[in-house]
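Visitor: I am new to this structure. Could you walk me through it?

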Amino acid sequence: MRILLVEDDLQLARGLHQSLRAEGFTANHVNDAKSAWLTVQTNECDMLVLDLGLPDMDGLSLLKKIRQHHIRIPVLILTARDSIEDKIKGLDQGADDYLSKPFDVHELIARLRVIERRLGTAVSSVIKIKEVSLDSASHVVNIADTILDLPRKEFMVLKILMEQAGRIQSREQLESKLYEWGEEVASNAIEVHIHHLRKKLPDGFIKTIRGVGYSVAKGN
Ligand code: CA
């Protein structure tokens, strides 16, 4: 899940960015509406966390523009304006959720997960395929009753493959979901993560489709 954080309070943005990463989201940050608009159009993010008081344009006007262009990206508004009228206006203009500042970062993350679940196929935070179960809220992966300790990126690769079970993810797709803009990515990074994951997972759990990508089969 790639989140675009649109926030001109740099200190807040930095803190949020760290928390989002720690929770397994890929987050990119921009601090004005113009950059947000460019990014949304290129389809490089799955969700928007949008501050309303931006330097170049009101966040609500940006939201309106996004919806006028029939871009359906989920939007969570983050703002110091907390009157009921402001909330109604935001939701009416197509926001999916609304959080008033100051807020608890854990609440923000829980709400983002709700949106994430609505988007994806998962109905709860736990996905189970064969004997492997992955909990995206607690970041715990179990094989039968044994807990598997996975580094963050390996966890993310497995999460993407399990969420999209039955579908093939190309190396490029995995890279774009896993790495942030400007982050240095070794050309074999995905192969390395897959290699490590395979050593920890049951045989054949992750399949390679030569020249195309990777997939995890659907199943119970
Ligand atoms: Ca602001």
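Guide: Strands (E, at least two residues) and helices (H or I, at least four) are DSSP runs numbered from the N terminus, and two strands pair if DSSP finds at least two bridges between them. This is a predicted model, in which local features need pLDDT of at least 70, side-chain atom pairs count only at pLDDT 80 or more, and totals for chains, interfaces and linings use all residues. Residues are numbered from 1 along each chain as its sequence is written, and side-chain values use heavy atoms, without hydrogens and water.

Visitor: In what order do the four strands of the open sheet run?

Guide: The order is S6-S7-S8-S9, with antiparallel pairing. At the edges, pairing on one side only, are S6 (126-129) and S9 (146-148).

Visitor: Over how many bridges do S6 and S7 pair?

Guide: S6 and S7 (residues 132-135) pair over four bridges.

Visitor: Changing topic, which protein donors does the calcium ion have?

Guide: They are Asp8 (OD), Asp51 (OD) and Gly53 (O), 2.2 to 2.4 Å from the ion. Donors are N, O and S atoms within 2.8 Å of the metal (3.2 Å for Na, K and Ca); water is not among the atoms, so sites may look incomplete.

Visitor: Which loops hold Asp8 and Gly53?

Guide: Asp8 lies in the loop between S1 (2-6) and H1 (10-22), and Gly53 in the loop between S3 (47-51) and H3 (59-68), so the pair ties together parts 45 residues apart in sequence.
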